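Me: I would like to learn how to read the features of a model like this one, step by step. Please give the general idea each time and then the case at hand.

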Amino acid sequence: MRKVKKMNNYKSFYGFSREPFSQDIKTDELYKTPALQAFTERFLYSITIAAVTVVTGEAGSGKSTALRYASEKLHPSMYRVISVIANTGSVIEMLRQICICLDIECRTHSIAILIKTIKNILAEITQKKQMPVLIIDEAQLMRIEVFAQIHTIGQFEMDSKPVLPIILSGQNNLIDKLLYPLSRPIATRIVGRSHFEGMKLQDTAQYLKWHLEIAGIKEHLFTEESVLAIHQSSGGLPRKINNLARCSLIASAKEKSHSVSAEHVRIASTEII
């Protein structure tokens with residue numbers, strides 16, 4: 001308990017008005033990278049034509065944050081967002097996850113019944129002048145058999161009336177799974193593909209500055225050397241930048257230093273993986 005209190009002292013030492021580099025940042029406070037804006041455009045376009053869009057990137061590159069940012073632009077009176085986190089389970093398990101998100105209790109082991117049940121609910125949603133939107137995060141975990149069948153829940157009138165846009169988000173090997181012949185039915189429905197990479201050094205510097213400002217600090221706490229060290233250690237990935245920056249601030253405050261040095265970043269890097 002004493003250690004936690006000591007680690008929190010850095011906020012009062014620097015005068016932060018709130019936790020800096022936090023994961024629960026509001027979407028309107030996000031640092032708007034070109035990749036985020038490009039993905040949002042593809043996301044919204046795929047929804048207008050009820051197609052499939054794919055977003056890939058390394059763990060911590062900002063995919064889930066981008067999904068949250070883009071999906072919040074969908075007004076709840078017009079859209080019903082169905083958000084699931086994929087796993088290595090069977091088709092039945094995926095369909096049950098979707099049922100749970102739709103507030104449907106369905107204990108059957110029949111794929112046909114599960115699909116029919118989901119399609120009936122989707123039809124009800126569209127009758128209310130809403131569009132259902134299926135978002136699948138960590139999609140690289142899905143079995144090929146799931147890729148082969150997941151599109152069928154959105155097929156109506158012999159597939160002439162698409163009603164369910166699907167957003168697939170996952171790590172880079174998601175593309176490999178979409179290249180399998182069994183994945184072709186959903187792969188051929190893809191109209192947009194985004195890929196999140198690590199930020200460039202200049203963006204990393206702006207990202208750090210932005211997060212300090214929204215946490216109440218306008219001073220440049222990070223030296224040029226520490227920015228470079230954070231960028232190199234994180235590969236420009238937002239999640240790693242957040243963790244390194246926070247731990248660097250803790251190390252700096254511990255020494256009563258009013259700026260974060262490259263040495264503080266080195267110390268911080270020993271605390272995280």
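Me: What percentage of the contacts in the protein with a separation of 6 or more do residues 24 or more positions apart account for?

Reply: Before the answer, note that this is a predicted model, in which local features need pLDDT of at least 70 and side-chain atom pairs count only at pLDDT 80 or more, while totals for chains, interfaces and linings use all residues. Residues are numbered from 1 along each chain as its sequence is written, and side-chain values use heavy atoms, with hydrogens and water left out. A contact means heavy atoms within 4.5 Å, and residues 24 or more positions apart account for 74% of the contacts with a separation of 6 or more.

Me: How many helices and strands does the protein have, and what share of its residues counts as buried?

Reply: Helices (H or I, at least four residues) and strands (E, at least two) are DSSP runs, numbered from the N terminus, and the protein has 12 helices and five strands. Buried means under 20% relative accessible area, exposed over 50% and partly exposed in between, with a 1.4 Å probe and protein chains only; of the 273 residues, 46% count as buried. The C-alpha trace spans about 65 × 35 × 35 Å along its principal axes.

Me: How many aromatic pairs are there, and which parts does the pair of Tyr31 and Tyr207 tie together?

Reply: Rings of Phe, Tyr and Trp (its six-membered ring) pair if their centres lie within 6.5 Å, and planes under 30 degrees apart count as stacked, over 60 as edge-to-face and the rest as tilted. By this rule the count comes to seven aromatic pairs. Tyr31 and Tyr207 form an edge-to-face pair, 6.0 Å centre to centre with 85 degrees between the planes. Tyr31 lies in the loop between helix H1 (2–14) and helix H2 (34–48) and Tyr207 in helix H9 (residues 201–214), so the pair ties together parts that are 176 residues apart in sequence. Both Tyr31 and Tyr207 are buried. Phe39 and Phe43 form a tilted pair, at 5.8 Å centre to centre and 55 degrees between the planes; they are four residues apart in helix H2, which means that about one helical turn separates them. Phe39 and Phe43 are buried as well.

Me: Which residues line the largest cavity, and how is such a space found?

Reply: Rolling a probe the size of a water molecule over the atoms shows where empty space is left. On a 1 Å grid over the protein atoms alone, a cavity is a set of points where a 1.4 Å probe fits but cannot get out, whereas a pocket is an open set with protein on both sides within 12 Å along at least five of seven lines, and lining residues have an atom within 4 Å of a point. Grid points are joined across faces, edges and corners, and a volume is the space filled by probe spheres set on the points. There is one cavity of 30 Å³ or more, and the largest cavity holds about 40 Å³ of space. Its lining consists of Arg18, Glu19, Pro20, Phe21, Ser22, Ile25, His211 and Ile214.

Me: What is the volume of the largest pocket, and which residues are the closest to its centre?

Reply: The largest pocket has a volume of about 870 Å³. Of the 37 residues that line this pocket, Gly60, Ser61, Gly62, Thr65 and Pro238 are the closest to its centre. Elements that give two or more residues to the lining are H2, helix H3 (63–71), strand E5 (190–196), H9 and helix H11 (238–254).

Me: Which residues does Leu212 touch?

Reply: Leu212 is found in helix H9 and is buried, with a relative accessible area of 3%. Not counting residues up to four places away in sequence, Leu212 touches Phe16, Phe21, Ile217, Glu219, Leu221 and Phe222.
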